[in-house]
Amino acid sequence: MPRPVNERRVGCQVPARAFKPAGVPGRSLEEVVLSLDEAEAIRLADLEGLYQEAAAMRMAVSRQTFGRIVEAARRKVADAIVNGKLLRIEGGEVVIHEEGERQMKVAVPARGGQVDEHFGHCEHFMVYSLDEGRKVVAEERVDSPQGCGCKSDIAAILSRMGVTHMVAGNMGEGAVHVMHAHGIEVVRGASGVARDAAERFGAGTLEDSGDSCAGHAHGHHGGADCDHR
């Protein structure tokens, strides 16, 4: 018997369900059917720019399965565009959910219980789980990997844990980009006790400062770029 297909999580409704060449009646065109999970895979990979591991977590499938879904989806879209076919979006083993349904998990680069200003050199990360009232209900410590920063695998580690937000002091654009590619939103400008910073963010009183770390204020590496911070 064929292996049953698990339901894939889809986070948005496509506003239009059919696309065709202008000026040509749809009934006269050959159709290509793009399933809802295939449309979602394209949205996550090509619109949001997520890495396959992070996108697979959003859809509740394995990385290998996501790879197969997005490859098939891209081929169908290319077929419709290049060969002038009608592209219809429908069907698939999916369950619709809102993006906000995911539990909020906040990671904070820390040292001695305080927010570490230097993301790339922090002692460890504190990961806080917030409930629907945005109160901390659980916490765990994740030691920083060797060479922590945007060139390490810390983003992948936190993404696998379900982290949705990074609340930090300073971070360079390189590190911010890597976090975003793993589905983690970044909020800079935090300070003080790490847990308090997570709770302030959950309460909506902490917003991203928008400031990127463009140079080492403390003379690390001879003043070179600190995109990894």
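Figure 1. Helix α6 comprises residues 194-202, and its buried residues are Ala194, Ala197, Ala198, Phe201 and Gly202. Seen down the axis of α6, these residues fall within an arc of 135°, so they line one face of the helix; the arc is that of the directions from the helix axis to the C-beta atoms. An α-helix has 3.6 residues a turn, so residues three or four places apart point the same way. Just after α6, glycine 204 adopts a positive phi of about 85°. Buried means under 20% relative accessible area, exposed over 50%, and partly exposed in between (1.4 Å probe, protein chains only). Helices (H or I, at least four residues) and strands (E, at least two) are DSSP runs, numbered from the N terminus.

The model is predicted: local features need pLDDT of at least 70, side-chain atom pairs count only at pLDDT 80 or more, and totals for chains, interfaces and linings use all residues. Residues are numbered from 1 along each chain as its sequence is written, and side-chain values use heavy atoms, with hydrogens and water left out.

**Figure 2. Strand β6 and its pairing partners.** Strand β6 (residues 104-111) is mostly covered, with 7 of its 8 residues buried. Two strands pair if DSSP finds at least two bridges between them. With strand β8 (residues 124-130), β6 pairs in the antiparallel sense over 7 bridges; within this pairing, proline 109 has phenylalanine 125 as its bridge partner. Strand β10 (residues 165-167) runs parallel to β6 and is joined to it by 2 bridges, with histidine 165 of β10 as the bridge partner of valine 106. In a regular strand the side chains alternate between the two faces of the sheet.

**Figure 3. The hairpin of β6 and β7.** Strand β7 (residues 114-115) runs antiparallel to β6, and 2 bridges join them. Glutamine 114 of β7 is the bridge partner of arginine 111. The hairpin formed by β6 and β7 has 2 residues between the strands, and glycine 112 in the turn has a positive phi of about 60°.

Figure 4. The structure holds 1 aromatic pair. Phenylalanine 119 and phenylalanine 125 form this pair in an edge-to-face arrangement, 5.8 Å centre to centre with 65° between the planes. Rings of Phe, Tyr and Trp (its six-membered ring) pair if their centres lie within 6.5 Å; planes under 30 degrees apart count as stacked, over 60 as edge-to-face and the rest as tilted. Both phenylalanine 119 and phenylalanine 125 are buried.

The largest nonpolar core has 19 residues, and those with the most contacts inside it are Phe119, Phe125, Ile154, Leu158, Met166, Met171 and Met179. At least two residues of this core come from each of β8, α4 (154-160) and α5 (173-181), and α5 gives the most, with 4 residues. Another core, of 17 residues, lies apart from it; Ala110, Val167, Ala190 and Ala194 are among its members. A nonpolar core is a set of buried Ala, Val, Leu, Ile, Met, Phe, Trp, Tyr and Cys residues joined through side-chain atoms within 4.5 Å. In soluble globular proteins, nonpolar side chains tend to be buried together.

Figure 5. Glutamate 40 lies in helix α1 (residues 36-47) and is buried, with a relative accessible area of 2%. Its side chain makes a polar contact with the side chain of arginine 43 (2.9 Å). A polar contact is a pair of N or O atoms within 3.5 Å; within protein, one must be able to donate a hydrogen and the other to accept it, and residues adjacent in sequence count only if both atoms are side-chain atoms. Alanine 45 also lies in helix α1 and counts as buried at 15% relative accessibility. Leaving aside neighbours within four places in sequence, alanine 45 is in contact with Leu50, Phe66, Val70 and Arg74.

**Figure 6. The open sheet β2-β4-β3.** This open sheet of 3 strands has mixed pairing, and its edge strands, β2 and β3, each pair on one side only. Strand β2 (residues 18-19) and strand β4 (residues 86-89) are antiparallel and pair over 2 bridges, with leucine 87 of β4 as the bridge partner of phenylalanine 19. Strand β3 (residues 31-34) runs parallel to β4, and 4 bridges join them. Valine 33 stands opposite arginine 88 in β4, while valine 32 stands opposite leucine 87.

Definitions and conventions. Contact = heavy atoms within 4.5 Å.
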